[in-house]
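The stops below are given in the order in which they may be selected.

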Amino acid sequence: MTSSSPPPGPPARRSAASPAGAPLSSLYQELILDHYRRPRNRGGLEQPSVRVTLHNPVCGDEIDLQLAIAADRVGSIRFAGHGCSISQASASMMTQQAGGRTLPEIRELIDLFTELMHGSAPAAADRRLGDLRALQGVARFPVRIKCALLPWDALAEALRTHEAGSPDGGKIAVLDPEGLPEGEDRDLPL
Ligand code: ZN
C-alpha cells in the first residue's frame, strides 16, 4: 500500500507566516530586493587596511571589499562591484552585521553564515545574522550558494591578509584568484 507515500522531492513544508499573515518567504524576498536596490555600505574607503577583490565566474558576480581595521576591530567596511541580487544583497547585509565588530566576532559570523548556507536550522534562527537570515532559502539552490558566499569569502580572505599583514598597517592586498584581467587599472566598471 503505497498510495499514501509522500511525493518525491523535499517535504512540502508550510511557510511560516508573519503576524500580518504574509508568507515569511515573500518578506525575505522583499528584504533581499531592498538590499539589492538600496545597498548599505556601498562605496570605498580612502585608506583601507585591507582590500580584497573576488569574482564568481559561475554567475559573473564581482566584489571589491574594503575594510578599515584598528585594534582588532573592523571600524569601517565598504563594498563595490556588481552581480546578481543574491551576491549584492549578501554583501550589503554582511557589511551591516560586520561593521564595528571584533575580529573574533566576525569569524563567528562567517562560520554562522556558512552554516546557514548549508541549511542549518539553528543558524537560521540566530539573531546575530540579522537580515542575513532572509538568505536562508538560498541553501536549496547549490549554484546560488556561491553567489551568497562570495562577499564572505572576500571577508575571510581580508582577515587572513590582515593577520599576515605588514607591521605598519595600511597594506593593500588585491587578491584575484580568477576572473579580472591582470592590469594596472583595477577600477571596477560601476
Ligand atoms: Zn550570482
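In the hairpin of S2 and S3, which residue takes a positive phi? Select the two residues between the strands: Ala71 has a positive phi near 50°. Asp72, in the loop between S2 and S3, has a phi near 60°, a positive value in a residue other than glycine. Asp72 counts as exposed because 11 C-beta neighbours lie inside 10 Å; a residue is exposed if 12 or fewer other C-beta atoms lie within 10 Å of its own, buried if there are 20 or more, and partly exposed in between, with C-beta atoms placed from the backbone.

Before the next stop, two notes on the model are needed. This is a predicted model, in which local features need pLDDT of at least 70 and side-chain atom pairs count only at pLDDT 80 or more, while totals for chains, interfaces and linings use all residues. Residues are numbered from 1 along each chain as its sequence is written.

**The whole chain**

Display the chain as a cartoon. Its secondary structure comes to five helices and three strands, running α-β-β-β-α-α-α-α from the N terminus on. Helices (H or I, at least four residues) and strands (E, at least two) are DSSP runs, numbered from the N terminus. Of the 190 residues, 31% count as buried.

**The sheet**

Select the three strands next. They form an open sheet in the order S1-S2-S3, with antiparallel pairing; two strands pair if DSSP finds at least two bridges between them. Strand S1 (50-56) and strand S3 (73-82) are the edge strands, each pairing on one side only. From one strand to the next, the twist averages 15°.

Seven bridges join S1 to strand S2 (residues 61-70), and Val50 stands opposite Leu67 in S2. S2 and S3 pair over nine bridges, with Gln66 opposite Arg78 in S3.

Axes are lines fitted to C-alpha atoms, for helices over the stretch in contact, and angles run from 0 to 180 degrees between N-to-C directions. Angles of 65 to 115 degrees count as roughly perpendicular, under 35 as roughly parallel, over 145 as roughly antiparallel and the rest as oblique.

To view this contact, select Ile32, Leu33, His35 and Tyr36 of H1 with Ser85, Gln88, Ala89, Ser92 and Met93 of H2. Residues are in contact if their C-beta atoms, placed from the backbone, lie within 7 Å.

In the loop between H1 and S1, select Asn41. Its phi is near 60°, a positive value in a residue other than glycine. Asn41 is partly exposed, with 17 other C-beta atoms within 10 Å.

**Helices H3 and H5**

Finally, select helix H3 (residues 103-117) and helix H5 (residues 142-163), whose axes come within 11 Å and cross at roughly 160°. H3 is therefore roughly antiparallel to H5. Residues making the contact include Ile106, Ile110 and Phe113 of H3 and Leu149, Trp152 and Leu155 of H5.

Definitions and conventions: Two residues are in contact if their C-beta atoms, placed from the backbone, lie within 7 Å.
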